[in-house]
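Hi,

Here is the structure I promised to pass on.

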Amino acid sequence: MGEEADTRSDLFSLGLVGRFALTGAEIFPPLRSYELLQRIAKGPIPVPDCESKRLQNVLRRLVRVDRDKRLESPEVLERALAWAEADPVLRELSALRKAG
């Protein structure tokens with residue numbers, strides 16, 4: 001904390017939105033305001049299990065509290081998502097949804 005925000009800060013926020021989209025749940029539901037910020041700063045951010053371990057890995061890399069260990073740019077995120085999208089598990093789930 002206290003460091004200047006950069007692209008990795010935006011990617012962290014995107015990761016939190018992605019996590020919420022997957023779970024529909026807040027990270028730490030009972031916490032609000034300052035307590036919530038303190039808890040997030042302590043890390044780690046819990047990442048839910050999901051069908052695709054690749055997608056889970058990308059999400060985990062987005063929400064790392066240490067920004068030096070986070071995905072560093074939108075271009076790196078794009079490559080990571082392409083890697084996750086190629087996961088046979090996601091392809092199978094997508095095919096099932098289209099068929100159903």
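Below is what I found, first for the whole chain and then for one residue.

This is a predicted model, in which local features need pLDDT of at least 70 and side-chain atom pairs count only at pLDDT 80 or more, while totals for chains, interfaces and linings use all residues. Residues are numbered from 1 along each chain as its sequence is written, and side-chain values use heavy atoms, with hydrogens and water left out.

The protein chain has 5 helices and 0 strands, so counted as DSSP runs (H or I, at least four residues, for helices; E, at least two, for strands; numbered from the N terminus). The pattern along the sequence is α-α-α-α-α. Its C-alpha trace spans about 50 × 30 × 15 Å along the principal axes.

Of the 100 residues, 27% count as buried (under 20% relative accessible area, 1.4 Å probe, protein chains only). Taking contacts (heavy atoms within 4.5 Å) with a separation of 6 or more, 57% come from residues 24 or more positions apart.

Now for Ser52, which sits in the loop between α2 (33-42) and α3 (53-62). Is Ser52 buried or exposed? Ser52 counts as buried because its relative accessibility is 1%. Its side chain reaches the backbone nitrogen of Leu55 at 3.0 Å, a polar contact (a pair of N or O atoms within 3.5 Å, one able to donate a hydrogen and the other to accept it; residues adjacent in sequence count only if both atoms are side-chain atoms). Leaving aside residues up to four places away in sequence, Ser52 touches Ala84, Asp87, Val89 and Leu90.

Cheers

Note on methods. Buried < 20%, exposed > 50% of the residue type's maximum accessible area, 1.4 Å probe, protein only.
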